[in-house]
Amino acid sequence: MIESPSEAPLMGATSEVGRLRTVLLHRPGAELRRLTPRNNDELLFDGVPWVDRAQEEHDAFAQALTDRGVEVLHLDRLLAEVLSFPSARAELIAAAVDDPRLGATLQRSTTMHLTGLAPEDLARTLIAGLAHDELRGGKGLAYEVMDRGDFVVPPLPNLLFTRDSSVWVGDEVAVTSLAMPARHRESTITAAVYAHHPRFAGVEQLYGARLEHLEGGDVLLLAEGVVAVGVGERTTPGGAERLARRLFARRLAHTVLVVPIAQQRATMHLDTIATMVDADAMVMYPAVADSLVAWTVTAPDGVADDADTAELAVAGPQPFLTAAAAAMGIDRLRVIDTGLDPVTAEREQWDDGNNTLALAPRLAVAYERNTVTNAALEAAGIEVVRIAGSELGSGRGGPRCMSCPVARDAPAATDVRSIASATGPVPEGTR
């Protein structure tokens, strides 16, 4: 049932660790059943997951959030609801057939097929894709030369990772520009939901899918007004720059830290190597803790409405931890020292040990398989909610990747503390 704006709670986020109130998830479905050893690389999965088990794991994840008072929104349900609106239907069908592989004739016949589907069926098809032998009335040269199992509309198995296609900063949402061809259409779905669903009526979109590449997994809200953006395999420096200008113009941030990361799959996003677990603490891959740097971007003269042409001040590089603490106004940004030997550290980073989802300060969801990292978090005073992820992780994403916070409380002032000026000793496992 579509919720009216008057009934909906407030939306927005200014940190990674304020109490989580509402989150957007996507339960994996038929799109994962499209994965085969022949296409899984192209579709960005490292293997062919056991879909039933992946769904069980995701259900347990959603239940763990619900049990702790978090409202869970499901992207596929929101999509089906907005597809009852003609403008949203037309927009998303056009995006689904906007593919040069198809040619004009197959585009027309595919449009006719999709137009005839009920909202729920259309939502499933837009996510799970449409194969050649599922298309009624297919025509055209492209259709004739396709194999039966070829996709007219490719599936979206990575829709599972809702963090990447949108990120909230303050009370606005950045619909992102995904870098990999297999993921381009995810942003069109997310943008349509935010634009057309009554739950999000009046919400401003501060970024768009046709701009420079920017992915939500690279965006960390370190503190109110301080945003870190990783640049590497998925997010470009141009994307970070444009986001910074828009954040400054809308007074959603005063400092953006641009953080280069290795351009490889193991470190595809900033949140694969570091995530916040407290208002002044993060868990970080040990191999990069001392080498990560940041450029500090500000707008000393302000940014007018013409945000994309404003001159920005760029300083650095500095060690990331130094730059972050200065921007956050604290003496030190703590790093949870996992104490891992290099081999174990590499294994647990690959299995998303550093990709945690904070539900509140010092309370985080993590994959159960990363036993050493989780033990180090608990030794440092972080309560860990462990979830299974043996099948979910085949797409290289952890609890943070699988969740887009829609509403968080602002952290209490007492949660932002300075370790350097504390009267007691630094807790074991931090530095």
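**Reading the model**

Analyst: The chain has eleven helices and 19 strands, where helices (H or I, at least four residues) and strands (E, at least two) are DSSP runs, numbered from the N terminus. This is a predicted model, in which local features need pLDDT of at least 70 and side-chain atom pairs count only at pLDDT 80 or more, while totals for chains, interfaces and linings use all residues. Residues are numbered from 1 along each chain as its sequence is written, and side-chain values use heavy atoms, with hydrogens and water left out.

User: What is the mean pLDDT of the chain?

Analyst: The mean is 86, and 86% of the residues reach 70 or more; pLDDT is the predictor's confidence in each residue, from 0 to 100. Over residues 1-6 the pLDDT is below 50, and this stretch has 13 contacts beyond near neighbours in sequence. Residues 417-428 are also below 50, with 15 such contacts. A contact means heavy atoms within 4.5 Å.

User: Why is D278 called buried?

Analyst: Buried means under 20% relative accessible area, exposed over 50%, and partly exposed in between (1.4 Å probe, protein chains only). D278 has a relative accessible area of 0%, so it is buried. D278 sits in strand β11, residues 274-278. Across the chain, buried residues make up 58% of the 431 residues.

User: What makes the link between the side chains of D278 and R362 a polar contact?

Analyst: A polar contact is a pair of N or O atoms within 3.5 Å; within protein, one must be able to donate a hydrogen and the other to accept it, and residues adjacent in sequence count only if both atoms are side-chain atoms. The side chains of D278 and R362 make such a contact at 2.9 Å.

User: Why does R362 count as partly exposed?

Analyst: R362 has 30% relative accessibility, so it counts as partly exposed. R362 lies in the loop between β16 (357-360) and β17 (363-367), and has a positive phi of about 65° although it is not a glycine.

User: And why does R251 count as exposed?

Analyst: The relative accessibility of R251 is 77%, so R251 counts as exposed. Its place is the loop between α8 (237-249) and β10 (255-260). R251 also has a positive phi, near 55°, and is a residue other than glycine.

User: Why are α3 and α7 called roughly antiparallel?

Analyst: The axes of α3 (residues 86-97) and α7 (residues 184-196) come within 10 Å and cross at roughly 170°. Axes are lines fitted to C-alpha atoms, for helices over the stretch in contact, and angles run from 0 to 180 degrees between N-to-C directions. Angles under 35 degrees count as roughly parallel, over 145 as roughly antiparallel, 65 to 115 as roughly perpendicular and the rest as oblique. The pair α3 and α7 is therefore roughly antiparallel. Residues making the contact include L92 of α3 and I189 of α7.
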